[in-house]
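Here is a short report on a protein model.

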Amino acid sequence: MRKIFFLFAAALLAGGGAQAQDKIASAAPGVSYGKSIDAQGAVALSDLEKKIGESTSYNGKIEGKVVEVCKKKGCFMKLERSNGEAVMVKFTDYGFFMPQNIVGKTVVVEGKANVTETSVERLRHYAEDAGKSKEEIEKIKTPKKDIVIVADGVVVVK
């Protein structure tokens, strides 16, 4: 009897997680995720490297256009750079997720940007979560040193 109870409880918890994922608000101007923030005082992503400078970190608001979001559950997104590359945005303690329709939207994120090195294993994990092909994933063979943003909050600007 105890075994049945635990199986039932586990099924309820798993089902609840799936329902919570379905409740992510659709991306539209003014919609926030995580900590409620506004767009005032945000620096453009194109200016972020200057703001980071020699300190290798920046705390504050950053504005950019979303070019990719994790296809599995919205657990990360990437913002477009002028050089065609993207900056990874993760969310503090996986406390919130992004909807799939946020791609193409301009957002402001608030949090901490750091220059970090991402391992091959982690890069492959992100590529898999983004829905990349097995061939694309296998081409990842070197770690990447780049800016990574850990955001406490996101607001859709347009």
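Is Cys-75 buried or exposed? Cys-75 is buried, with a relative accessible area of 6%. Buried means under 20% relative accessible area, exposed over 50%, and partly exposed in between, with a 1.4 Å probe and protein chains only.

This is a predicted model, in which local features need pLDDT of at least 70 and side-chain atom pairs count only at pLDDT 80 or more, while totals for chains, interfaces and linings use all residues. Residues are numbered from 1 along each chain as its sequence is written, and side-chain values use heavy atoms, with hydrogens and water left out.

**Cysteines**

Cys-70 is buried too, at a relative accessible area of 0%. The closest cysteine sulfur to that of Cys-70 is in Cys-75, 3.2 Å away, which is too far for a bond. A disulfide is a pair of cysteine sulfur atoms within 2.5 Å. The structure holds 0 disulfides.

**Strands**

Helices (H or I, at least four residues) and strands (E, at least two) are DSSP runs, numbered from the N terminus. Two strands pair if DSSP finds at least two bridges between them. The pairings described here are tabulated below.

| Strand pair | Sense | Bridges |
|---|---|---|
| S1 (residues 32–34) and S7 | antiparallel | 3 bridges |
| S5 and S7 | parallel | 4 bridges |
| S6 (residues 106–118) and S7 | antiparallel | 12 bridges |
| S4 (residues 76–80) and S5 | antiparallel | 5 bridges |

Individual partners give a way into the model. Tyr-33 has Val-154 in S7 as its bridge partner. Gly-111 stands opposite Ala-151 in S7. Met-88 stands opposite Val-148 in S7. Lys-90 is bridged to Val-150 in S7. Lys-78 has Met-88, in S5, as its bridge partner.

S4 and S5 form a hairpin with 5 residues between them. In the turn, Gly-84 has a positive phi of about 95°.

**Pockets**

Pockets are found on a 1 Å grid over the protein atoms alone: a pocket is an open set of points with protein on both sides within 12 Å along at least five of seven lines, where a 1.4 Å probe fits, and lining residues have an atom within 4 Å of a point. Grid points are joined across faces, edges and corners, and a volume is the space filled by probe spheres set on the points.

The largest pocket has a volume of about 340 Å³. Its lining has 18 residues, and Lys-78, Met-88, Leu-123, Tyr-126 and Lys-144 lie nearest its centre. Strand S5 (86–91), helix H3 (120–129) and strand S7 (144–156) each give two or more residues to this lining. S7 gives the largest share, 4 residues. By class, the lining holds 10 nonpolar, 1 polar and 7 charged residues. Here Ala, Val, Leu, Ile, Met, Phe, Trp, Tyr, Cys and Pro count as nonpolar, Asp, Glu, Lys and Arg as charged, and the others, Gly among them, as polar.

The second largest pocket holds about 170 Å³ of space. Helix H2 (residues 45–52) gives the most to its lining, with 4 residues. Residues that line this pocket include Leu-45, Glu-63, Arg-81 and Ile-147. The lining divides into 5 nonpolar, 3 polar and 4 charged residues.

**Rings**

The whole structure has 2 aromatic pairs. In one of them, the ring centres of Phe-91 and Phe-96 are 4.7 Å apart and the planes stand at 45°, so the pair is tilted. Rings of Phe, Tyr and Trp (its six-membered ring) pair if their centres lie within 6.5 Å; planes under 30 degrees apart count as stacked, over 60 as edge-to-face and the rest as tilted. Both Phe-91 and Phe-96 are buried.
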